[in-house]
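Please open the structure in your viewer and keep the selection panel at hand.

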Amino acid sequence: MQQLNQNFFSIFELPESFDLDLERLTSKYRELQTEVHPDKFAAAGEQEKLRAVQMTSYLNEAFTTLKTPLKRAAYILQLHNFDTESVSQNDLGMDLLIEQMQLRESLDELPKDDSALPQLEQLKKDVTNRLAEKRTDFAREVEQGDLTSAKKIFHELQFLEKLLTEVASGEEQRLGY
Amino acid sequence: MALLQISEPGGKPTTPAHRIAVGIDLGTTNSLVSASCGAGVEVLPDASGNYLLPSVVAYASDTDPVVGSVARAQSTKDPKNTISSVKRLLGRALSEVEQAPQFKQYEFDAERGDGAPAIVTAAGVKDPIQVSADILQTLVYQAEHSLKAKLEGAVITVPAYFNDAQRQQTKDAAKLIGLNVLRLLNEPTAAAVAYGLDSKEQGTVVVFDLGGGTFDVSLLRLQSGVFEVLATGGDTALGGDDFDHAIVDWIKQQAGFQVLSSTDEAKLLHYATSMKHQLSNSEEVSIEFNGWSGSLSASDFRDITEALVKRTILTCRRVLRDAQLEVEAIDNIVMVGGSTRMPVVRQAVEKFFGKAPLTDIDPDKVVAIGAGIQADVLIGNKSADDFLLLDVTPLSLGIETMGELVEKIIPRNTTIPVAKAQEFTTFKDGQTAMALHVVQGERELVSDCRSLARFELRDIPPMVAGAAKIRVTFQVDADGLLSVMAEELSTGTKAEIQVKPSYGLNADAIEEMLKVSHENAKADMEIRALREAQIEAKQLIDAINSAREIDGDLLEASEARQIDNAIEHLASLIASGTSVQIHESTEELNRISSLFAARRMDLHIGEALKGESIDKVEQ
């Protein structure tokens, strides 16, 4: 790791791809941490200490981005100059919107006590499976160089991740956390 | 003296390269100091051979402060000048602590401008930083006497759930006595180091730290000497004290005591504490009190403390969830803090995780030992290659945006050090200054989070609303301390602060805030929607009004009246309507004024095109 604007994939010496070797990512991250972490510069001058804090912060951001599938997908699109923040009508098909609405409704209709826990568990499974399928689709589109389709799938992933968070927080509320 | 020490026969062989650094566990009830001594890290005793230094300081007008067991012994004789539990005052405001039962006997200085809970003593007014500094000073003497060398630095432990202000003030206390702080280390992380390094352990470990007044849980992954904290959680209002009070309540109920004198209350609490200790080794304890006699069995104790134990397990569950791990993934559980000696706690932990927790290191010493190991690494004695700690932020950090909403910038459980940048923009045309308000907490509204600092970015070049780009960078260092920098991108105007507020987050409120955060997630969302609708509506009204100042003559009288009515209607809804009503009415105003907007557009495009050549326009 040399500078503060290095490509995240190249920091970890990984090929630029959505499918990545998480174990290699993690072991490389640890190896780099032992080189740049501020603890290694406890006796150094202020300048070097500050540099260590900045480098480690950048390394942590790179690691979190690549480790988290949705952030990794967004990063790949950004590398190809796509604005992941903006969504146009073209990005979202009508069938997708209807599917999402149905999933959301099935969440809202569940009873508000812990009797809903088995259904929430099932819903979690369904959404997780769907996420896995869509991630495979995303990886394929990136591999084939069709980033416009990849961007559409990215927005579907966003919907599904959001839904999964809501299912989880619905579960937490019913468990009394 | 120094020369004599080097050649002292029989003394520990000290090579010049060996530098002296200690680990300090600065506790609510007791404090400890440790250092590397030959084979490993050991807790250093005082002159009488005691390892625990009671965190009590006694002040007098004619002598230096007295710290430790002597101070504790005189606390009943001179309560006003004997300060204990000062850790609970660090980073707090006077208003948060003056009603707390353990601080009732003190006279707080109400005149102070900074709102800190400073205590009036015979030796003058003492704030929590000064009292903590006196405890640290005693530990430093104890260590220097024991090691016969001058200290070069220390690692001081803090609860993982300590906020920015509490961390900052702990560091300030060390600064006050000229002690070089190598690192602030989270207590559960220190405990994991003590266990992990000893046994060369690999895998995923939960540290369960139940002290006298606080509870911390951390989940770590240990691999090839790297200790990576995956998630941390806690309950700053749960500890051994609560188990004592449960026994008190049970006795009162059994004996039918209605009202007790305050001396009897204190006596009963004292009995309860000793019954709790006895129940760790026996099945039943009998009690006689004010003519009533009875006995408390281990199973009664289990029943009356069930709710408390359940709370500790809920926190474990939440931490597992934050780390996205199942119970089966946990290889070991480390027990820290005197309260983990209770069998009810150990059994509940064993049942939840499906394996017996590790208890082989004295739970009172384990944090200090871990701090000593880290100190030895940071001062450069131990090779740093075989050991690295990666810790996380316990609470989310964010910034106040329009409508008193919080924009989270660094979510809780993010690995530190971390830097995050976020861009903000101006809200009004020609706005030249922007106030930034930094908060800590999990809720969506500013008023429900802890205010950390406010600062102002000035000299923003006047631009239309939304054109300025202000990048705010949050940097949390390895001690968990925050600094914030703001920069206007088009001109490079900068503002930077180290967050250093006069007091910190009410630690008792943190867990409450987390809990309520989940309960209120829905209410927050509704309030958020309302605030957003209000802002959107105000922006539209402002835009129409300023457009009419310039191009009002483009409107016919009837159109102007129609717009006036719609604005009036919308303004009344901003004050009292729901988000849906405001939104609909905003849409309506937008529709009514669209013709006006279109005319303005035509006019201004026409003006802009004057003098441009045709082929340029076509491009």
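The stops below go from the domains to the interface, and then to single strands and residues.

**Before starting**

This is a predicted model, in which local features need pLDDT of at least 70 and side-chain atom pairs count only at pLDDT 80 or more, while totals for chains, interfaces and linings use all residues. Residues are numbered from 1 along each chain as its sequence is written, chains are lettered from A and ligands numbered from 1 in the order in which they are written, and side-chain values use heavy atoms, with hydrogens and water left out.

**Stop 1: the domains**

Select chain A and colour domain 1 (8-67) and domain 2 (89-175). These bounds come from an automatic or database domain assignment. The C-alpha centres of domain 1 and domain 2 of chain A are 31 Å apart.

Next, select chain B, which is divided into domain 1 (21-239 + 306-391), domain 2 (393-508) and domain 3 (522-609). Between the C-alpha centres of domain 1 and domain 3 of chain B there are 57 Å.

**Stop 2: where the chains touch**

How many residues of chain A are in contact with chain B? Select them: 21 residues of chain A are in contact with 25 residues of chain B, where contact means heavy atoms within 4.5 Å. The buried area between the two chains is about 2300 Å², and carbon and sulfur atoms give 52% of it. Buried area is the accessible area (1.4 Å probe) that two parts lose on being put together, summed over both.

Between chain A and chain B, the count of salt bridges is 3; a salt bridge is a side-chain nitrogen of Lys or Arg within 4 Å of a carboxyl oxygen of Asp or Glu. Select Glu171(A) and Arg321(B), whose side chains meet in a salt bridge at 2.8 Å, N to O.

Now show helix H2 (22-36), helix H3 (46-67) and helix H7 (147-175) of chain A, each of which supplies at least two residues of the side that touches chain B. Helices (H or I, at least four residues) and strands (E, at least two) are DSSP runs, numbered from the N terminus. H3(A) gives the largest share of this side of chain A, 5 residues.

**Stop 3: a salt bridge within chain A**

Over all chains, the structure holds 36 salt bridges. For one within chain A, select Lys28(A) and Glu13(A), whose side chains meet at 3.5 Å, N to O. Lys28(A) lies in helix H2 and Glu13(A) in the loop between helix H1 (8-11) and H2 of chain A, so the pair ties together parts that are 15 residues apart in sequence.

**Stop 4: an open sheet in chain B**

Move to chain B, where 3 strands form an open, antiparallel sheet in the order E6-E5-E7. Two strands pair if DSSP finds at least two bridges between them. Why is one side of strand E6 (66-67) and of strand E7 (82-84) left without a neighbour in the sheet? Both strands stand at the edges, each with a single partner strand, so one side of each has no neighbour there. Strand E5 (residues 56-58) of chain B is joined to E6(B) by 2 bridges, and Ala58(B) stands opposite Val66(B).

**Stop 5: a hairpin in chain B**

Select strand E19 (residues 397-401) and strand E20 (residues 405-410) of chain B, which run antiparallel and are joined by 5 bridges. Glu400(B) has Val406(B) as its bridge partner in E20(B). The two strands form a hairpin with 3 residues between them, and Gly403(B) in the turn has a positive phi of about 75 degrees. E19(B) is also joined, by 3 bridges, to strand E22 (residues 434-440), again antiparallel. There, Leu397(B) is partnered by Gln440(B).

**Stop 6: backbone exceptions**

Most residues other than glycine have a negative phi, and most peptide bonds are trans. Select Ile416(B) and Pro417(B), which are joined by a cis peptide bond with omega about 0 degrees. Pro417(B) lies in the loop between E20 and strand E21 (418-424) of chain B.

Gln324(B) is in the loop between helix H10 (306-322) and strand E17 (332-336) of chain B.
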